[in-house]
Amino acid sequence: MAKAMKAADDLYIIRDTYFPENPDEKISRLQAESDLALKLLDSIPLEQRKLPMQRATYEYLRGKILDVFPDYRKEAEDHLSKAVKLNPSLADAWLCLGNSIWKKGDLPSAKNCFTLALSKGPNKKILCQLSMLERRMAQGKDLCSVIFFLFLAMVTLYLVIGSSRGADNQAEIVEESIKHAKEAVILDVKDGNSWYNLGNAWLTCFFVTRAWDHHKLLQSLKAYQNAEKDESMNSNPDLYFNCATVNKYLENYERALSGFEAAASRDPSLNSTEEVRKIVNLLDKLETLLKGQTKAKRLNSLASSLSPVNLNPSYRKASIDSLSEGLNKKVAIVGKVLFFVKNESVAPLYYVVCDSNQISFVLSVYGMRDDAIKEGDQLTLLDPNYRDVNFYWKGKPYRFKSVRVDFLEQVLVNGKAPSSLQAVRTSIYAQHKP
């Protein structure tokens, strides 16, 4: 049995580390290796797999080998079901059964399997799977019919617009996901996969909660950085992809671009190259618009048209060039919207704004509908988060002033607070990639 068990484990190493340019090559290799593993398993003499415990291990290994593929296979589920009936204490069989059931879309039953597996004792691998499943469940029943390609070590993040309905329940489930991810880390603080899973949990939390709290992004980034300390994670393209995603939303553009390129070099089938293209296109567009708004007459006209704003006495009015790097508490900037910058990402929204000193800057806004702010509107930005963007990419310099606002309450449009109807929430779900 030991040789068959090693063959099954080796099969999953291929699944988690082999990323050819053509995904079909991976499936072909998995098929060939799984056939060899099954032959090795079947070569075990019958007398060595007669007893219930022996039979349970045989059924478990057969189901695990068959379940290595991204699609649901009933034969794998059947063998794994037999294994847990013969030996209910076989925790890894419960884990594999949960993974198999997850593929066919029965998430509650999959969670039940993971919970039963945990009842056999603490296990970081099971905790990570439970955490992943809970993040998937947080998306609600409307997405449960999505075909879920279950390559467990690969989690590519996709954004979809969602309504606020059920947001509280979603947030609670994601908090459970974070809790289980933390428990996995506590069991082994040096395990990169556990840190990676925790990073994914914090990143998901950033999107499914009602507020775009960038503190969650920083928590996610910290977890990914801890994951990178584990050399075994160097071959995981999604660690680089997801870390780049965090850096993109933190507007660490250079790190984001480098991260997406690193992900692309490890798995060419990821859409990392497309992400690089989108960021570069956005940066080029911002640069073009900023350079085109340097005419003194136009800027002077816009600055002089700014209306007085009644601010809370605790706030101090300032111009863009007086801001400090990072969060500027109790500070307000007043400016005029020059352009709404169309881009290919769901969030944030980008604008080019001119302040009272005729200085143009880039504004990124989270959590608002794209019709809430229009060109020509006067904006008052409260507690702005300032960043001086200055870096080179492929020999081209990018330099501009940038302000980010994370919450609806931080913006006044033409002196008025936006309606709650102008709020929008972006949900995130994990699509396991074949």
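The charged end of R49 sits over the ring of Y58, 4.6 Å from its centre, where a charge counts as over a ring if NZ of Lys or CZ of Arg is within 6 Å of the ring centre and within 35 degrees of the ring normal. A like arrangement is found for R73 and F69, and the two are set out below.

| Charged residue | Ring | Distance to ring centre |
|---|---|---|
| R49 | Y58 | 4.6 Å |
| R73 | F69 | 3.9 Å |

This is a predicted model, in which local features need pLDDT of at least 70 and side-chain atom pairs count only at pLDDT 80 or more, while totals for chains, interfaces and linings use all residues. Residues are numbered from 1 along each chain as its sequence is written, and side-chain values use heavy atoms, with hydrogens and water left out.

The pLDDT, the predictor's confidence in each residue from 0 to 100, averages 87 over the protein, and 87% of the residues score at least 70. Confidence is highest in helix α4 (residues 74-86), at a mean of 97, and lowest in strand β1 (residues 156-162), at 41; helices (H or I, at least four residues) and strands (E, at least two) are DSSP runs, numbered from the N terminus. Over residues 141-165 the pLDDT stays under 50, and it is also below 50 over residues 427-434. Where pLDDT is low, the predicted coordinates should not be read in detail.

The largest nonpolar core has 40 residues, and those with the most contacts inside it include Y60, L97 and W102; such a core is a set of buried Ala, Val, Leu, Ile, Met, Phe, Trp, Tyr and Cys residues joined through side-chain atoms within 4.5 Å. Helix α5 gives the most to this core, with eight residues. Among the residues that Y60 touches beyond four places in sequence are H79, L80 and C96, a contact being heavy atoms within 4.5 Å.

Nine aromatic pairs are present in the structure, a pair being rings of Phe, Tyr and Trp (its six-membered ring) with centres within 6.5 Å, counted as stacked for planes under 30 degrees apart, edge-to-face over 60 and tilted for the rest. The rings of F340 and Y351 have centres 5.3 Å apart and planes at 45 degrees, so this pair is tilted. F340 is partly exposed, with a relative accessible area of 27%, whereas Y351 is buried at 0%; buried means under 20% relative accessible area, exposed over 50% and partly exposed in between (1.4 Å probe, protein chains only). Ring pairs also link F206, Y249 and Y366 into a cluster.
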